[in-house]
Amino acid sequence: MHRNEKGFTLMELMVVIVIVAILAAVAVPLYINYVKDAQRTEAKAAIGAIATAEQAYFLKVQSANPGQAATYGSLAELEAADLLDIRDAKVKWDFEISNTSSTSYTVTATYRNSNPVIGVVYTYNQGTTGGVFTD
């Protein structure tokens, strides 16, 4: 008697599982990198808004006090002057402006819920390199 049996053998199922495992092993790290890159891009966009606000603040201070050297402002000063609105980015990122002087400033963005820490640093030097991002 011949029975017409249909289905997959154990070997065929094992081959499929191995192929899926290999694809997952390659895809997961790539996906994680894509997510981190997207997060960094979000921070860079907010830092771009901060840099624009810094330039406007510098010109505002310079025009208000022509005899004094103008400086770049802190995050609170930019927001108080209505030059900056990054509330959406602040939900996920912490921003800090440091090393403000009459010629330079540094903006640091740190992602809140990540391990290891995801950060973006933007350094601006007036008249030399301009702005430089480092991840």
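Residues are numbered from 1 along each chain as its sequence is written, and side-chain values use heavy atoms, with hydrogens and water left out. Because the model is predicted, local features need pLDDT of at least 70 and side-chain atom pairs count only at pLDDT 80 or more, while totals for chains, interfaces and linings use all residues.

Helices and strands were taken as DSSP runs (H or I of at least four residues for helices, E of at least two for strands), numbered from the N terminus. An open sheet is formed by four strands in the order β1-β2-β3-β4, and the pairing is antiparallel; two strands are paired if DSSP finds at least two bridges between them. Strands β1 (93–98) and β4 (130–134) stand at the edges with a single partner strand each, so one side of each has no neighbour in the sheet. From one strand to the next, the twist averages 15 degrees. The antiparallel strands β1 and β2 are joined by six bridges. Phe-95 stands opposite Ala-109, which belongs to β2.

Helix α1 (residues 10–64) lies across β1, β2, β3 and β4, and runs at about 35 degrees to β1. Contact here means heavy atoms within 4.5 Å. Axes are lines fitted to C-alpha atoms, for helices over the stretch in contact, and angles run from 0 to 180 degrees between N-to-C directions.

Seven aromatic pairs were found in the structure. Rings of Phe, Tyr and Trp (its six-membered ring) pair if their centres lie within 6.5 Å; planes under 30 degrees apart count as stacked, over 60 as edge-to-face and the rest as tilted. The ring centres of Tyr-105 and Tyr-122 are 6.3 Å apart and the planes stand at 45 degrees, so this pair is tilted. Tyr-105 lies in strand β2 (residues 104–111) and Tyr-122 in strand β3 (residues 119–125), so that the pair links distant parts of the chain, 17 residues apart. Both Tyr-105 and Tyr-122 are buried, where buried means under 20% relative accessible area, exposed over 50%, and partly exposed in between (1.4 Å probe, protein chains only). Tyr-105 also pairs with Tyr-124, and this pair is stacked, at 5.2 Å centre to centre with 25 degrees between the planes. Tyr-124 lies in strand β3, 19 residues from Tyr-105 in strand β2, and is buried, as Tyr-105 is.

One aromatic cluster is formed by Phe-58, Tyr-72, Tyr-105, Tyr-122, Tyr-124 and Phe-133. Lys-44 lies over the face of Phe-133, 5.4 Å from the ring centre; a charge sits over a ring if NZ of Lys or CZ of Arg is within 6 Å of the ring centre and within 35 degrees of the ring normal.

Salt bridges were counted where a side-chain nitrogen of Lys or Arg lies within 4 Å of a carboxyl oxygen of Asp or Glu, which gave four. One of them joins the side chains of Arg-40 and Asp-37 (3.5 Å, N to O). These two residues are three residues apart in helix α1, a separation of about one helical turn. Asp-37 is partly exposed, at 42% relative accessibility.

A salt bridge also joins the side chains of Glu-79 and Lys-90 (2.6 Å, N to O). Glu-79 lies in helix α2 (residues 75–80) and Lys-90 in helix α3 (residues 87–90), so the pair ties together parts eleven residues apart in sequence. Glu-79 is partly exposed at 27% relative accessible area, and Lys-90 is partly exposed at 28%. Asp-85 forms a salt bridge with Arg-87, with the closest N and O atoms 2.8 Å apart, and both residues are exposed.
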